[in-house]
Amino acid sequence: MRRSLYYGFVAVALLAGGAYGAYAQGGDAGAGSRIFSSNCAGCHGSDGRGGERAPNIATARNIASLRDTELGNFVRNGIPGAGMPAFSFLGERGVPDVIAYLRVLQGKTDAVEVTGDATAGRVLFFGSAECSRCHMMHGEGGFIASDLSDYGSGVAPERIRSAIVEPEKVVSPKSEVIEVRTAEGESLHGVLRAEDNFTLVIQLENGRYRRFKKDSLADVHHTGQSLMPRDYKSRLSPKELDDLVSYLVRSAAPMEPSAPREKTGDSQ
Ligand code: HEC
Ligand code: HEC
């Protein structure tokens, strides 16, 4: 059976360097997390879900379904010509470690069952917890933060919990909150979406964008903080948190156990 180009490449790499396929599995995710932050996060994003320079390798199903050996070869050899550098210098330990961490990001290692009540979680999401003010869930909710409809797919429940109660640790702040006061005395706060020497573009909570000439502003305050509230740890009871996590997991499309990453129409 013919595989995609990448698979072809992997197969060649496996043949060329027989030893490559044989490294020990079961790396140390803790060590891998440090390797990931310093070597991978710059392109793939701190949560592996993609950045400006590289795709999502955490929840993209075609990647999550690759075997450790296949992932190892991508990491060691890179993808020449496609912007993915080779990381063979990470060595016999570093590569399995970073893959172990990638599995954590993919939610594969965490067998934690979600025990909360998803229906109650939904009520919280759209009700007193106010998540829907900012987040969209299957077409309902706010615009300013990420759409969480599929977020729970393939993410460890533990990680979802952290994203809610300790976002400063887990969530990459793509949304710095900025406060401005115009010369006319109007105060606004929103997410800084663009800035150059002369202008600022802010996205307000209702999703609208406002562009300001800097010299028309009386005051600009960069908070350095994400818009994701940081007080859910105290606002939500452990049960409520479980319910929300269950809601996010259950309402996401289930992850295919082994989505084939195979040929697209080339001959067999
Ligand atoms: C300089 C930017 C950059 C860095 C740093 C980087 N990558 Fe990548 N990576 C890419 C790009 C670009 C692709 C997509 C290549 C393509 O498929 O076109 C990619 C693809 C991948 C893939 C998926 C291959 C596929 O099937 O599409 C994996 C897995 C991966 N990278 C893992 C890592 C790991 C682990 C690290 C850190 C050790 C890392 N990358 C560091 C740019 C980077
Ligand atoms: C005031 C707006 C706001 C509210 C309310 C809010 N969030 Fe967020 N949330 C954000 C923003 C913005 C981000 C993305 C991080 C960033 O861009 O700084 C985020 C990130 C997240 C993430 C991580 C998503 C990712 O892609 O990494 C999760 C999960 C999440 N929020 C869940 C919730 C839940 C559950 C609630 C309700 C209990 C909630 N949020 C309430 C604004 C909000």
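**A helix pair**

Helix α8 (residues 157–165) and helix α11 (residues 238–250) pack at an angle of about 120°, and their axes are 10 Å apart. Since angles under 35 degrees count as roughly parallel, over 145 as roughly antiparallel, 65 to 115 as roughly perpendicular and the rest as oblique, α8 is therefore oblique to α11. Axes here are lines fitted to C-alpha atoms, for helices over the stretch in contact, with angles from 0 to 180 degrees between N-to-C directions. Helices (H or I, at least four residues) and strands (E, at least two) are DSSP runs, numbered from the N terminus.

This is a predicted model: local features need pLDDT of at least 70, side-chain atom pairs count only at pLDDT 80 or more, and totals for chains, interfaces and linings use all residues. Residues are numbered from 1 along each chain as its sequence is written, while chains are lettered from A and ligands numbered from 1 in the order in which they are written.

Which residues meet in this pair? From α8 they are Pro157, Ile160, Arg161, Ile164 and Val165, and from α11 Leu241, Leu244, Val245, Leu248 and Val249; contact means C-beta atoms, placed from the backbone, within 7 Å.

**The ligand**

Around ligand 1 there are 22 residues, of which Cys40, Cys43, Ala54, Gly83 and Met84 come nearest (near means a C-beta atom, placed from the backbone, within 6 Å). Helices α3 (41–44), α5 (68–77) and α6 (91–105) each supply at least two residues of that shell.

**The whole chain**

The chain has 11 helices and seven strands. Among its contacts with a separation of 6 or more, 66% are between residues 24 or more positions apart.

Key. Two residues are in contact if their C-beta atoms, placed from the backbone, lie within 7 Å.
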